[in-house]
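Open the model in your viewer and keep the selection panel at hand. The stops below go one selection at a time.

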Amino acid sequence: MHFSPSAALFVLVSSVTAKQCLNITVPVSISARNGVFNIPTLQGNADATTFAQNLTSIRGNFTQEALLGYATVAGTYDISVKFCKPDRENGTNPTVQVLTHGLGFDKTYWDLPFNDYNYSYIDVAVDQYGFCTLSIDRLGEGNSSKADPLSVLQAPAEMSALYELTMMLRNGTLPNVPQAFSKIVHVGHSFGAALSYLLAIEHPTASDGLILTGFSQNASFLSATVASWDSKLARLNQPLRFGNISNAAVSEALSPLSNLTERIASSLAPYNVTSGEIMQYLQTTDIGDLLAGLQPTQLPKMADLPTGYLTWTDAGSNQFAFLLPEFFDPSILQFAESSKFPYTLGELLTIGGIPLMAPMFKGPVQILTGRQDAIYCGGDCLATGDPALASIPAKSQMAFPMARTFEAYIQPDTAHAINLHYNSTGASNVIQRFLTREGLAPS
């Protein structure tokens, strides 16, 4: 592969031997019709709670109440992507999967650096099936450019960035990837699935196949999810990663509290409270979030974020929304909480505004959702209340009247964050087999 010395990009070659990967920063020009919302600047966590109360209230449609009109948002932003291809490419007609993460994650959702990458979706797609992948940090997240969390970071603008990257792949103009792809599949998780779905609505020929994971069109449970998050300002919840405080300052502030666990355990010894119980408290409450980033890490440091970037409170909120008890490694919860990423006011206000139909999309569609998904199925995707309807995600078939194939697959023993469960690679294999059956495998 040729690397252009003149490209204004940061490129890193992965050391993984089974696949070749590049981390690339791509300048992307977007243009989108975003909403203009009358939302006061959040000053503290109480304002975040007030916003959530308004958003989830059944008294009316808060999004419509706050909407003043629409405006075109345009600009050029750096989007961080990782392109992977097989170590040995077979054939001359490769297929690339464009991987878009959901709220609370970055692109490592698809190549999880946990337990020696044993949960990696990319490893399955690239190493076992020979696909190429392009995983992206959505606009405003991870190593991509930050932007105004209310006026810019909304579904239309983020979809615009996804479309522009897709066209670069289609035309062979993605920097440092000298390949024009005739077969492009979009794989999204949660909000990333919603963006992929919106792409198929606005640009029905941009994608050759859709894989929507952690997804349904039943929005009945979104309010319960937002309520369970007990949203906080990201800069206050994890100040070392998202605020403007330094590790040295925190270390100095905490120095009087050295050996905190042992000291608390000693004080509480008469009450039979163990050091293990104290450690669990420190890890699973927002105290653990306060300390996130204190140790050296490879995670992007999204420092000094505006107050319109939010995050859920703690590990308990994380588990409630994303994980199924007994079917995930307990240590992955601490990993996920300490490495979480924020969501924005604009995203929460626009996730429900995506049209219900993709009438012109003609490619194959697979929805793959965990049976116990709380966000889109209320905890049981098979509880339809209709004997003729196999699952809640299956109802989305009517949204794709022109699709060549539609399949709704319910992954057992799995909640919303599919790639964090024990059987994650089983779900990854289901997707690759579907694409192969549909003639979208590399050839």
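A contact here means heavy atoms within 4.5 Å. Helices (H or I, at least four residues) and strands (E, at least two) are DSSP runs, numbered from the N terminus. This is a predicted model: local features need pLDDT of at least 70, side-chain atom pairs count only at pLDDT 80 or more, and totals for chains, interfaces and linings use all residues. Residues are numbered from 1 along each chain as its sequence is written, and side-chain values use heavy atoms, with hydrogens and water left out.

**Stop 1: helix H3**

Select residues 121-128, helix H3. Its buried residues (under 20% relative accessible area; exposed is over 50%, partly exposed in between; 1.4 Å probe, protein chains only) are Tyr121, Ile122, Val124, Ala125 and Val126. Now show what they pack against: strands E2 (19-37), E3 (67-86), E4 (95-100), E5 (132-136) and E6 (183-189), plus helix H17 (424-437).

Go to the N-terminal end of H3. Ser120 caps it, with a side-chain oxygen 3.3 Å from the backbone nitrogen of Ile122.

**Stop 2**

Most residues other than glycine have a negative phi. Select Tyr117, in the loop between E4 and H3. Its phi is near 65°, a positive value in a residue other than glycine. Tyr117 counts as partly exposed, at 37% relative accessibility.

Next, select Asp304, in the loop between helix H12 (286-291) and strand E9 (309-311). Asp304 is not a glycine either, yet has a positive phi of about 55°. At 45% relative accessibility, Asp304 is also partly exposed.

**Stop 3**

Strands pair if DSSP finds at least two bridges between them. The open sheet has the order E8-E9-E10, with antiparallel pairing. Why do E8 (232-233) and E10 (343-344) stand at the edges? Each has a single partner strand, so one side of each is left without a neighbour in the sheet. E8 and E9 are joined by 2 bridges. Pick Leu233 and look across: Leu310 in E9 stands opposite.

**Stop 4: the second largest pocket**

How much space lies in the second largest pocket? About 1100 Å³. Of the 50 residues that line this pocket, select the closest to its centre: Thr350, Ile351, Gly352, Gly353 and Ile354.

How values were computed:
Polar contact = N/O pair within 3.5 Å; in protein donor to acceptor, adjacent residues only side chain to side chain. 1 Å grid on protein atoms, 1.4 Å probe; cavity = no way out; pocket = protein on both sides within 12 Å on 5 of 7 lines; lining within 4 Å. Points joined across faces, edges and corners; volume = space filled by probe spheres on them.
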